[in-house]
2 protein chains.
Amino acid sequence: MSDPFVVVGADAAGLSAASKFRREAPDREVVVFEKGRWISYAFCGMPYFVEGRVERMSDLLSLSPSEVDERGIDLRRGHEVVTVDPEAKTVAVETADGDSFEQPYDDLLVATGARATTGPFDARGVDGAFTLHDMDAAAAIDAYVAEPDAYDPARADVSAVDRERVERNAAMPAPETAAIVGGGYVGVEMAEALAGRGLDVHVFHRSGHLLSDFGEAVGERVAEELGAKGVTVHTNAPVEALVGDDRIEAVTFGGDADGEGAETLPVDLAVVGVGIRPNTELLDGTGVELGEGGAILTDGHGRTSLSDVYAAGDCATAFHAVTGEPAWMPLGLTANRAGRAIGATVAGDPTPVGDIAGTAVVKAFDMEAGRVGLVGDDAARDAGFDPVRETVTAGSRSGYYPGAAETDVTLVADRDSGRLIGGSIVGPDRAAIRIDTLATALEADMTVPEVERLDLAYAPPFSPVWDPVLVAAKVLNGTLGEA
Amino acid sequence: MSDPFVVVGADAAGLSAASKFRREAPDREVVVFEKGRWISYAFCGMPYFVEGRVERMSDLLSLSPSEVDERGIDLRRGHEVVTVDPEAKTVAVETADGDSFEQPYDDLLVATGARATTGPFDARGVDGAFTLHDMDAAAAIDAYVAEPDAYDPARADVSAVDRERVERNAAMPAPETAAIVGGGYVGVEMAEALAGRGLDVHVFHRSGHLLSDFGEAVGERVAEELGAKGVTVHTNAPVEALVGDDRIEAVTFGGDADGEGAETLPVDLAVVGVGIRPNTELLDGTGVELGEGGAILTDGHGRTSLSDVYAAGDCATAFHAVTGEPAWMPLGLTANRAGRAIGATVAGDPTPVGDIAGTAVVKAFDMEAGRVGLVGDDAARDAGFDPVRETVTAGSRSGYYPGAAETDVTLVADRDSGRLIGGSIVGPDRAAIRIDTLATALEADMTVPEVERLDLAYAPPFSPVWDPVLVAAKVLNGTLGEA
């Protein structure tokens, strides 16, 4: 135990691990290398910063470097780990100042996160075109959207911010029309954010309904809500290209494979959110096993296939509660939980990182949606299930109580076993948080008859006698019985 | 199969059973005897009618007599079943017109509900004093609260209503000060309702915190909310007497066992909600087994100890998911579910009525609360558990997202097994419906470590990274680990 616990990456997983480790093993050393300047920022909060609901960028930081220091963590920003030698148990580090050195470790955690992919087009170097996956991009978009004389530099009140980039964007004329490329949850949240800033917003989505992972019922209700709030939704409309040399001028979209028949929409802002991929390059050449999406394969305690090397967060797989297989679903809780568990394990208290159920929720103006488990038929079949599904529309409250709103619940079960394997919920009245009921049922391996018999809450302001989840279970149970 | 399925009581359990039976066995006969005029009314909606949120009393009816008729159910209102002869398989019926007859049955369902108890004092015959447990009382309170010249008779737009009683109450001077006797959930809901009608409202509760079954954390937050909205809450203040001969004039409260030191508050309205008891008199002399609270003991299919006699709803026990024992917790979903299951069973498809978890939610102005399982230490110990509890206060949303509100979660576990046995949640932001997560975990027999590892939803508008439920599980898990 002569060498430290080395953590690569100072965000949710990395700092959770380091903090837990120091609490459990206060006599041992932990070093966290972060290649950039930002640490511990709330990625999920960035759309709300751009929208202006969050006033100061510093509100999105969970921990400052000095708070990390107070926890006894040796944090080194501007330090990039470029290679790992699992035999020698060392990492090679390059600093922003041009130095390099080797750091031995007893245990290593790779928590390098993920980065945005741009798809077939490249927004770099084009003013007004952004990908949203780091704080500098959020600060730049916020500055770009503001009228040059109305931008408040105090918004980006974090020393780590790329000040030059912010100022350059603030000086540009404010945009009027925005293209959101990709209708996943970041795209939906950004549509609300930019509409809230007064822009004419267009969302372009490759497939037939927004929020593909949430299923059709959710995608359609969310598209309706965006439309009702003035956002134009283009489905089955893959963006072909971002047009513009210095500044974005238009997007072309919807053509055939050769681009024939594509349409052009003039825009002066484009935000690309078409996906992310795990950062694993530092393990190239180590022979580490990779899993879904190219993420680092881990076991139930976050261990990789390399001795004494752990991985957690957006760069790592985790076990899926329904399939029992490693899956890559980069989400905030998964990262925090796995980091914390690995910190305990390395400190000597072996702690499982926990399964994931793919639980996700999203807000689109006044609509709320959630999803969990295997929602799509393909995902269910790939995992060896024979999916049967039902979607019901039920009231969120007793019909006579003001505010009762249509809530769509989709449940997916395996035909043979009757086991619940996935579901989604959408509606304007407390719909999103209801997904936790399904997440809990999934993790308990409940069958649909068991879900139907759950004693869920009833009071007129909050639920009808038969909660929408129970109504859906009742209907799906009937369908299963007929099969 | 020559005699009909006879159902006693035409409310949630009875009509659910009759409806399901007719759907499953359309060739067979079902007769429903109801001693009164009202059928299928939403008891839980009455406070919201009194408040005026619900405009018409007819909105609270799920089914009209003609709709029941259309389902092929032989509904007889004004027919009271006075005795049951389980040997002869007949019931004795007396009609409102003074007739009487015997009705043979193949199967019998007793769904006679419960009635309000008044405690040591009796409000009958005193104008302005009410117990709230039927539609006529709700209509009368609504009429009494209105200024005589401002009452709209169309509010009580149901033919079954006791018109004479409504008109008499409407003619009385409108009250200014109300006493709610009993701070259970009906009392809390009525406090909000009457405050909403402009009255100066006082709630009197026997024990130290409101909503005894919800635990202290909930009771205190709800009392704060009532206070903030202008309702005066008196705890440790049992009401001694309703004072007044013809019309209510005051309540006396808070004295010792002999009434010494009691205080007097002048009021011109009193609503008593101190409890209910099951209606089981028609089975007197049959030797039927009774359970908790004097309710009719039933098995997992709703069968009583008498052959071919079932019981469901507010007059019957059901199995508790945590204790595995029969319990009496009269709630709406329990009645509907048991009725429906019994209807299927009698029709030839044996269907379990399902466990109960004691899940309940209540709204108090802008505060929401829920409870499930065994919340109090006494209940836990009586069931053979060694309870350990923690209450945490956590944010309902990410701290930087506007609207994040303090949410108190209490979890109770069994020390030896670590099993979750109960919990409560209170807060103003989507707190109540979160209890369904705990209800599902309880019914799945989850341990606290399992709850801590649940993959619950995270998005800034709906939950912090660690949902309040997870925070509570984390803290309780720590306490269990130390023990």
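Trainee: By what turn can chain A be laid on chain B?

Mentor: In general, two copies of a chain are related by a rotation about an axis and a shift along it. For this predicted model, the superposition gives an RMSD of 0.0 Å, with a shift of 0.0 Å along the axis. The two copies are thus related as by a two-fold rotation axis.

Trainee: Which residue of chain A has the C-alpha nearest the axis?

Mentor: The C-alpha in question lies 2.3 Å from the axis. The residue is Thr437(A).

Trainee: How much area do chain A and chain B bury between them?

Mentor: The contact takes 57 residues from chain A and 57 residues from chain B. Since 100% of the interface residues of chain A are also interface residues in chain B, the copies meet through the same surface. Of the buried area, 66% is on carbon and sulfur atoms. The total is about 5,200 Å².

Trainee: Which residues of chain A lose the most area to chain B?

Mentor: Three residues stand out, together giving 15% of what that side buries. They are Tyr400(A), Ile433(A) and Asp455(A).

Trainee: How many salt bridges are there between chain A and chain B?

Mentor: One pair to examine is Arg340(A) with Glu452(B), whose closest N and O atoms are 3.3 Å apart. The structure holds 50 salt bridges over all chains. The count between chain A and chain B is 4.

Trainee: How many residues apart in sequence are the parts tied together by Arg221(B) and Asp408(B)?

Mentor: Arg221(B) and Asp408(B) form a salt bridge, with their closest N and O atoms 3.1 Å apart, and both residues are buried. Arg221(B) belongs to helix α7 of chain B and Asp408(B) to strand β24 of chain B, so the pair ties together parts whose separation in sequence is 187 residues.

Trainee: How many salt bridges are counted between domain 1 of chain A and domain 3 of chain A?

Mentor: The centres of these two domains are separated by 36 Å, taken over C-alpha atoms, and the contact takes 4 residues from domain 1 and 9 residues from domain 3. Domain 1 and domain 3 of chain A bury about 460 Å² between them, 70% of it on carbon and sulfur atoms. On the side of domain 1, Ala321(A), Val322(A) and Thr323(A) supply 81% of the area buried against domain 3. The count of salt bridges between these domains is 0.

Note on methods:
Residues numbered from 1 in each chain as written. Chains lettered and ligands numbered in written order. Predicted model: local features only at pLDDT ≥ 70, side-chain atom pairs only at ≥ 80, totals over all residues. Heavy atoms only, no water. Least-squares fit on C-alpha atoms with pLDDT ≥ 70 in both. Contact = heavy atoms within 4.5 Å. Domains from an automatic or database assignment. Buried area = accessible area lost by both parts, 1.4 Å probe. Salt bridge = Lys/Arg side-chain N within 4 Å of Asp/Glu carboxyl O. Helix = DSSP H or I, 4+ residues; strand = E, 2+ residues; numbered from the N terminus. Buried < 20%, exposed > 50% of the residue type's maximum accessible area, 1.4 Å probe, protein only.
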